[in-house]
Amino acid sequence: MSISAESIQVENVVASSDIGQELALESLAMDLEGSDYDPENFPGLVYRMHDPKAATLIFRSGKVVCTGAKSVDAVEAALGQVFDELRSLGVEVDDAPAIDIQNIVSSADLEANLNLNAIAIGLGLEHIEYEPEQFPGLVYRLDDPDVVALLFGSGKLVITGGKRLSDVEDALTVIGDRLTDLGLLE
């Protein structure tokens, strides 16, 4: 069975980059409007943007992490804005610093109720964690693609750990095919 990739909804993309130099976060916090810096609670400066909606964590080492974006394009736009802001404040930033996608979190819907007990038995315990008293979802660790899927009785699932959208699509296909082969998905 082939599950439609149209049900995939990207919830969060996490990416990192590196400016390649040490930063004076105290100074940046005063100059970057909308930033928060409280080194007692968190070692990085938090810079929130509204368009695209994302948060960027800027560390003294020059490392930058972007989170909260809903697409890879939004991550690139958000980090581009941060780099432009830093340049305008006199920080030397390469023309196009490398951006590494660390994690794509997506949700999807298999559009069928799932018997998680039967799935846990069918998929085998070496790839499954299922303790319904602790958490209502079944944790399924796939090897190829290397992602983790949370399956819920409603047929909804969350896929995390992918670095490309194709990882999410491939995982959805693998899960759908595997459950169909086991007779657990019509």
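Reader: Quick one on Glu-11. Buried, exposed or partly exposed?
Author: Glu-11 is partly exposed, and its relative accessible area is 32%. Bear in mind that this is a predicted model.

Reader: Which side chain does Glu-11 meet in a salt bridge?
Author: Lys-70. The N to O distance is 3.8 Å.

Reader: Which residue does Arg-164 pair with?
Author: Asp-167, through a salt bridge whose closest N and O atoms are 2.9 Å apart.

Reader: Is Asp-167 buried or exposed?
Author: Buried. The relative accessible area of Asp-167 is 10%.

Reader: Change of topic. What's the strand order in the sheet?
Author: S2-S3-S4-S5-S1-S6-S10-S9-S8-S7. The sheet is open, has ten strands and pairs in the antiparallel sense.

Reader: Which strands stand at the edges?
Author: S2 (35–36) and S7 (128–129). Each has a single partner strand, so one side of each has no neighbour in the sheet.

Reader: How many bridges hold S9 and S10 together?
Author: Four, in the antiparallel sense, between residues 148–151 of S9 and 156–162 of S10. Ala-149 has Ile-159 in S10 as its bridge partner. Leu-150 stands opposite Val-158 in S10.

Reader: What does the hairpin of S9 and S10 look like?
Author: Four residues lie between the strands. Gly-155 in that hairpin takes a positive phi near 95 degrees.

Reader: And how many residues join S8 to S9?
Author: Six, again in a hairpin. S8 and S9 pair over four bridges, antiparallel. Arg-141 is opposite Val-148 in S9.

Reader: Helices now. Which strands does H2 lie across?
Author: H2 (72–88) lies across S1, S3, S4, S5 and S6, and runs at about 135 degrees to S5.

Reader: What about H4? Which strands does H4 touch?
Author: H4 (165–181) packs on the sheet and touches S1, S6, S8, S9 and S10. The direction of H4 makes about 135 degrees with that of S10.

Reader: Back to H2. What span should its 17 residues give?
Author: 24 Å, at 1.5 Å a residue. The end C-alpha atoms of H2 are 24 Å apart, which agrees.

Reader: Which residues of H2 are buried?
Author: Ala-74, Val-75, Ala-78, Leu-79, Val-82, Phe-83 and Leu-86.

Reader: What covers the buried residues of H2?
Author: The cover includes helix H1 (25–31) and strands S1, S3, S4 and S5.

Reader: Last one. Which residue with a positive phi follows H2?
Author: Gly-90. Its phi is near 90 degrees.

Conventions. Residues numbered from 1 in each chain as written. Predicted model: local features only at pLDDT ≥ 70, side-chain atom pairs only at ≥ 80, totals over all residues. Heavy atoms only, no water. Pairing = 2+ DSSP bridges. Helix = DSSP H or I, 4+ residues; strand = E, 2+ residues; numbered from the N terminus. Contact = heavy atoms within 4.5 Å. Axes fitted to C-alpha atoms, helices over the stretch in contact; angles between N-to-C directions. Expected span 1.5 Å × (residues − 1). Buried < 20%, exposed > 50% of the residue type's maximum accessible area, 1.4 Å probe, protein only. Salt bridge = Lys/Arg side-chain N within 4 Å of Asp/Glu carboxyl O.
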